[in-house]
Amino acid sequence: MTLWFLRGLRRGVVTTRYPARPDGSAADLPTPPVFRADALDSELADRLVAMCPSHALRRDADMLVFDVGACTACGRCQEAGGSAAAPSGEFELAATSREHLVKRIPLSREAPR
Ligand code: SF4
(Lines give C-alpha, C1' and ligand atoms only; values in the text may rest on other atoms or scores of the structure.)
Protein backbone atom coordinates (compact mmCIF):
# COMPACT_ATOMS: atom_id res chain seq x y z
CA MET A 1 0.00 0.00 0.00
CA THR A 2 2.77 2.41 0.95
CA LEU A 3 4.58 1.54 -2.25
CA TRP A 4 1.54 2.48 -4.38
CA PHE A 5 1.09 5.71 -2.44
CA LEU A 6 4.71 6.71 -3.00
CA ARG A 7 4.51 5.73 -6.66
CA GLY A 8 1.41 7.92 -7.05
CA LEU A 9 3.17 10.89 -5.49
CA ARG A 10 6.16 10.44 -7.78
CA ARG A 11 4.17 10.04 -11.03
CA GLY A 12 1.32 12.44 -10.35
CA VAL A 13 -2.23 11.93 -11.58
CA VAL A 14 -2.47 8.96 -13.94
CA THR A 15 -6.24 8.76 -14.44
CA THR A 16 -8.01 10.37 -17.37
CA ARG A 17 -9.55 13.85 -17.26
CA TYR A 18 -13.06 12.47 -17.84
CA PRO A 19 -15.68 13.86 -17.35
CA ALA A 20 -14.08 17.30 -17.58
CA ARG A 21 -12.77 16.27 -21.01
CA PRO A 22 -13.98 13.53 -23.35
CA ASP A 23 -11.98 10.32 -23.13
CA GLY A 24 -10.79 8.99 -26.49
CA SER A 25 -11.32 5.41 -25.40
CA ALA A 26 -15.09 6.07 -25.19
CA ALA A 27 -15.30 5.63 -28.97
CA ASP A 28 -14.54 1.92 -28.47
CA LEU A 29 -17.27 1.31 -25.87
CA PRO A 30 -20.34 -0.74 -26.80
CA THR A 31 -23.44 1.42 -26.66
CA PRO A 32 -27.19 0.76 -26.62
CA PRO A 33 -28.88 0.68 -30.01
CA VAL A 34 -31.03 3.18 -31.82
CA PHE A 35 -33.92 1.74 -33.83
CA ARG A 36 -35.21 2.95 -37.19
CA ALA A 37 -38.99 2.89 -37.15
CA ASP A 38 -39.22 2.66 -40.95
CA ALA A 39 -37.25 -0.59 -40.91
CA LEU A 40 -39.27 -2.26 -38.14
CA ASP A 41 -42.33 -4.48 -38.48
CA SER A 42 -44.00 -6.72 -35.89
CA GLU A 43 -42.17 -9.86 -37.04
CA LEU A 44 -38.74 -8.29 -36.67
CA ALA A 45 -39.75 -6.61 -33.41
CA ASP A 46 -40.84 -9.97 -31.97
CA ARG A 47 -37.53 -11.57 -32.97
CA LEU A 48 -35.59 -8.75 -31.32
CA VAL A 49 -37.70 -9.01 -28.15
CA ALA A 50 -37.10 -12.77 -27.98
CA MET A 51 -33.33 -12.46 -28.26
CA CYS A 52 -32.80 -9.60 -25.79
CA PRO A 53 -31.20 -11.20 -22.71
CA SER A 54 -31.97 -8.32 -20.35
CA HIS A 55 -35.64 -7.86 -21.29
CA ALA A 56 -34.95 -4.31 -22.38
CA LEU A 57 -37.26 -4.81 -25.37
CA ARG A 58 -40.95 -5.63 -25.47
CA ARG A 59 -43.74 -5.15 -27.96
CA ASP A 60 -46.87 -3.18 -27.16
CA ALA A 61 -49.29 -3.51 -30.10
CA ASP A 62 -47.71 -1.54 -32.94
CA MET A 63 -44.85 -0.19 -30.83
CA LEU A 64 -41.43 -1.54 -29.89
CA VAL A 65 -40.81 -0.45 -26.32
CA PHE A 66 -37.12 -0.03 -25.51
CA ASP A 67 -35.99 0.38 -21.91
CA VAL A 68 -32.55 1.91 -22.33
CA GLY A 69 -31.98 1.64 -18.58
CA ALA A 70 -32.18 -2.16 -18.79
CA CYS A 71 -30.04 -2.49 -21.92
CA THR A 72 -26.57 -3.95 -21.40
CA ALA A 73 -25.39 -2.98 -24.91
CA CYS A 74 -24.73 -6.63 -25.69
CA GLY A 75 -25.23 -5.96 -29.41
CA ARG A 76 -27.47 -8.98 -30.17
CA CYS A 77 -30.29 -6.88 -31.55
CA GLN A 78 -27.84 -4.87 -33.64
CA GLU A 79 -26.43 -8.05 -35.18
CA ALA A 80 -29.87 -9.45 -35.99
CA GLY A 81 -31.74 -6.25 -36.76
CA GLY A 82 -30.10 -5.34 -40.06
CA SER A 83 -30.76 -1.72 -40.91
CA ALA A 84 -33.37 -1.47 -38.12
CA ALA A 85 -30.79 -1.27 -35.29
CA ALA A 86 -27.47 0.50 -35.04
CA PRO A 87 -25.14 1.55 -32.22
CA SER A 88 -26.21 4.86 -30.72
CA GLY A 89 -22.68 5.89 -29.73
CA GLU A 90 -24.22 7.22 -26.53
CA PHE A 91 -23.16 5.75 -23.21
CA GLU A 92 -23.90 8.65 -20.85
CA LEU A 93 -27.41 7.64 -19.88
CA ALA A 94 -28.09 9.52 -16.68
CA ALA A 95 -31.70 10.70 -16.36
CA THR A 96 -33.69 12.46 -13.69
CA SER A 97 -36.66 10.17 -14.20
CA ARG A 98 -36.81 6.43 -14.97
CA GLU A 99 -39.50 7.05 -17.61
CA HIS A 100 -37.08 9.17 -19.62
CA LEU A 101 -35.13 6.02 -20.41
CA VAL A 102 -38.08 4.20 -21.97
CA LYS A 103 -38.49 4.77 -25.72
CA ARG A 104 -41.54 3.85 -27.78
CA ILE A 105 -40.69 3.18 -31.42
CA PRO A 106 -43.57 2.80 -33.89
CA LEU A 107 -43.44 -0.21 -36.21
CA SER A 108 -43.68 1.89 -39.33
CA ARG A 109 -42.85 -0.87 -41.84
CA GLU A 110 -45.97 -2.75 -40.79
CA ALA A 111 -47.86 -4.16 -43.78
CA PRO A 112 -51.32 -2.62 -44.29
CA ARG A 113 -54.21 -4.89 -43.18
S1 SF4 B 1 -28.18 -4.38 -27.06
FE2 SF4 B 1 -28.67 -6.35 -26.03
S3 SF4 B 1 -29.59 -5.75 -24.08
FE4 SF4 B 1 -29.65 -3.93 -25.39
S5 SF4 B 1 -31.68 -3.99 -26.39
FE6 SF4 B 1 -30.22 -5.02 -27.78
S7 SF4 B 1 -30.37 -7.21 -27.25
FE8 SF4 B 1 -31.27 -6.05 -25.53
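Analyst: Let's start with Asp60, which counts as partly exposed because its relative accessibility is 30% (buried means under 20% relative accessible area, exposed over 50%, partly exposed in between, with a 1.4 Å probe and protein chains only). Keep in mind that this is a predicted model, where local features need pLDDT of at least 70, side-chain atom pairs count only at pLDDT 80 or more, and totals for chains, interfaces and linings use all residues. Residues are numbered from 1 along each chain as its sequence is written, and side-chain values use heavy atoms, leaving out hydrogens and water.

Asp60 has a salt-bridge partner in Arg104, with the closest N and O atoms 3.2 Å apart (a salt bridge is a side-chain nitrogen of Lys or Arg within 4 Å of a carboxyl oxygen of Asp or Glu). That pair links distant parts of the chain, 44 residues apart: Arg104 sits in strand β5 and Asp60 in strand β2 (residues 57–60). Strands (E, at least two residues) are DSSP runs, numbered from the N terminus. Arg104 is partly exposed too, at 47%.

Searching the whole structure turns up 5 salt bridges. Another one joins Arg109 to Asp41, with 2.7 Å between the closest N and O atoms. Here Asp41 is buried at 14% relative accessibility, while Arg109 is partly exposed at 44%.

Then there's Arg98 with Asp67, whose closest N and O atoms are 2.8 Å apart. Arg98 lies in the loop between β4 (85–87) and β5, and Asp67 in strand β3 (residues 63–67), so this pair ties together parts 31 residues apart in sequence. Asp67 is buried at 17%, and Arg98 is partly exposed at 43%.

Conventions:
Helices (H or I, at least four residues) and strands (E, at least two) are DSSP runs, numbered from the N terminus.
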